[in-house]
Amino acid sequence: MLFKIEPRAEPSRQMSIAAPLIATGLTIVVSSLFFLSLGYNPLVTLYTFFIEPLTTMNGISEWLLKASPLILIACGLAIGFRANVWNIGAEGQLIMGAIAATGVGLFAPWQDSPLLLPSMVIAGMLAGMAWAAVPAFLKDRMNTNEILVTLMLTYVATLILSYLVHGPWRDPDGYNFPQTALLPYNGMFEVFDYSYRLNTSIFFTVVVVAITWLFTERSFLGYKMSVGGVAPAAARFAGFNASASIWIGLLASGAAAGLAGMMEAAGPLGQLSPQISPGYGFAAIIVAFVGRLNALGIVLGGLLLSLLYLGGETVQMSLGLPSSIALIFQGMLLFFLLASNFLINFRIRKLAMRTA
Amino acid sequence: MKRATRRDILKYGAATGLAAGLANLPGAARAEGKLKVGAVYVSPVSEIGWTKQHSLGIEAIRAEFGDDAEITVIDSIFRPQDAERVFRQLAGAGNDLIFGTSFSHGTPMQKVAPRFPKTAFEHCSGIKHLKNLGTFEAKYFEGTYVAGVAAGHVSKSAKIGFIGGFPIPDIVGPANALLRGAQSVNPDITCNVIFLNSWFDPGKEKEAAKTLIAQGCDVICSMTDTATGVQVAGENDAWSIGYASDMAPFGNGKHLTAFTLNWVPVYLQAARDTANGTWTSNERWLGLADDVIQMSPYNDDLPPEATAAAEKARAEIIAGTLHPFGGELKDQSGALRVETGQSLSDGGIRSIDWFVEGMIGKLG
């Protein structure tokens, strides 16, 4: 029997609903066999992975705290991805945002002013945008590959961070260990409850999700960019400006990533150290695609990925499952999810047997 | 310290109750009177290395307490954001004693510890200690000094090489002491240094080791979390010095010795004290005399006088008659830092950010 994969004329509506269900079903079946073969009760393991982390207030606070930067960055990335502008370096833009925000927080002369935090927000966003402007400029003027440039600039950002925390910004009272002093009280987001870590920065994410939805679904500019992504020749013919797409795609994602970095620095971290991001910039790429580049889908994708992180820790703590098993499970789920999404735009058709 | 209000007690009580209730699910019945111990590692436990040595401490607790201890281990927690969450969860789940095993766990533990005043926190390589947060750290530099004495005897090129994870005092100090040990045998020896800015990057470490060998170094000491330095040295017929675990199996017969980390006494003491209710937070800095730094068996091919000299240095450090940073001590630029008859203060060692005379390389 032969099969043929062919693109659908239109994305399948049934499939777009069925895809996550297929993925969930496959994950449950395959992971159950997997857990059984390792001697773990699959029901208990799945419960521990997906439900247990959310049974405490602290768990929910941590869930949202981790999902927030992922969603924020993925929203920015989606704007570019829709227009075929591939910003792979959100991680670097996040780091630059965190650096600029912390710099303002630690060294601005208006330390005691309530304007400290807002100025850090602006600094973080501008730094992320500036870092993304480099590949935008190179792509626009010299047609450089933005995938490479954004990725490479991530390493540059990591080195700048390393230089600062090992060198000029090192905490004078920190025994020369590579970290900055703690941000002042005015330069930190307020937590909702003193017992938990979730802080007011999550409102930024809510606003960005709304803006992204309006921009991609309701604005003419967003429409033009999507056309440029799907059919560049048609977009050129219609007179849509490709260079605007490049700049908007990269600057929007840079600003979102910079803001996310600022939120980490002024939220759970409170200072800079050589490692400030648990790979949010890269994980957000997965979130953007799991969410099908749609603002609401991204919210779900971010919540899912964040839950996968927490669940991976919970199964270690409660069941003693090795961390590598948790990673395999996470990979399996994401693979099924992205593979099922493929069926929305493509179909698999059986070919008639040839009788030669 | 914040006074516990009724609201706090209700909140934590509910959270602890819930967490404990859920912990019961997989059948782990929590009996009263059991010692609950949590440990957070930066990487999975492998055959050698930093986390392996900490896991030996936890295993020692398991062996001694048996069914009287309930141990929860979570690995691959490195970044501060994740660490704070994990420490909160472990404390909220009612663990009596919680170990953090990396410098990067420090700030998170400092934030979590005050919220759980009844929990004992122990932080390895920490610098700030609180009422219920103790710190412990090893005097790595004593181990490198002894290994340096052996290296001084075998180095023909009078050049040794050092690979470090990060240019922090806990690495810079041992690098300096390695050269001081070697110079006690041959004052003309120099030491080339490369920092990787990573604890675990075998690719970069391999390049670094090859570079040092190409520069003429014939003894390589690598303070990272891999055996790569030892391996590359062995492949290129250079001597090597292992760190954390005995790395002789990787050295191709050229592994001089290793300065290994034995945290078992620290872990057992903390567990016993917690079980007896006598635990208090301490600041400990332990070395050869405390058996926390140990020298692994010397290579059989070492000339007997080299082994004897290294053992003599070890005995003198334990006795307190030899100080690895005793004067006269000059820095890289030749400026006098410690006069004859004096030695560098403990604070000076813990915050050392300069190289001694004869070091080749830059900090940062």
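In what order do the strands of the open 7-stranded sheet of chain B run? Select chain B and read across: β12-β10-β9-β8-β6-β7-β15, with mixed pairing. Helices (H or I, at least four residues) and strands (E, at least two) are DSSP runs numbered from the N terminus, and two strands pair if DSSP finds at least two bridges between them.

Before going on, some housekeeping. The model is predicted, so local features need pLDDT of at least 70 and side-chain atom pairs count only at pLDDT 80 or more, while totals for chains, interfaces and linings use all residues. Residues are numbered from 1 along each chain as its sequence is written, and chains are lettered from A and ligands numbered from 1 in the order in which they are written.

**Stop 1**

Colour the edges: β12 (293-295) and β15 (359-360) of chain B each pair on one side only. Now pick β7(B), residues 190-195. β7(B) and β15(B) pair in the parallel sense over 2 bridges. Show B:Cys191 and you'll find B:Met359 as its bridge partner in β15(B); B:Asn192 stands opposite B:Ile360 in that strand.

Turn to β6(B), which runs parallel to β7(B) and is joined to it by 6 bridges. Here B:Cys191 turns up again, as the bridge partner of B:Ile160.

α5(B), residues 140-154, packs on β6 (159-164), β8 (219-223), β9 (239-244), β10 (255-261) and β12 of chain B, and its direction makes about 175° with that of β10(B). α8(B), residues 228-235, lies across β6, β8, β9 and β10 of chain B at about 165° to β9(B). Contact means C-beta atoms, placed from the backbone, within 7 Å; axes are lines fitted to C-alpha atoms, for helices over the stretch in contact, with angles from 0 to 180 degrees between N-to-C directions.

**Stop 1: the 6-stranded sheet**

Still in chain B, pick out the open sheet β2-β1-β3-β4-β5-β11, with parallel pairing. β2 (69-74) and β11 (283-286) stand at the edges with a single partner strand each, so one side of each has no neighbour in the sheet. Ignoring direction, neighbouring strands here are turned by 15° against each other on average. Zoom in on β4(B) (120-124) and β5(B) (133-138), parallel over 4 bridges, where B:Phe121 has B:Leu133 as its bridge partner. Then show α9(B), residues 264-276: this helix packs on β1 (35-40), β3 (97-100), β4 and β5 of chain B, at about 145° to β1(B).

**Stop 2: two domains**

Colour chain B by domain: domain 1 is 33-138, and domain 2 is 140-260 + 292-360. Such bounds come from an automatic or database domain assignment. The C-alpha centres of these two domains of chain B lie 29 Å apart, and their contact takes 8 residues from domain 1 and 11 residues from domain 2. On the domain 1 side, α2(B) (50-65) gives the most, with 3 residues.

**Stop 3: across to chain A**

Bring in chain A: 30 of its residues and 37 residues of chain B make up the contact. The largest share of chain A's side, 5 residues, comes from α12(A).

Note on methods. Two residues are in contact if their C-beta atoms, placed from the backbone, lie within 7 Å.
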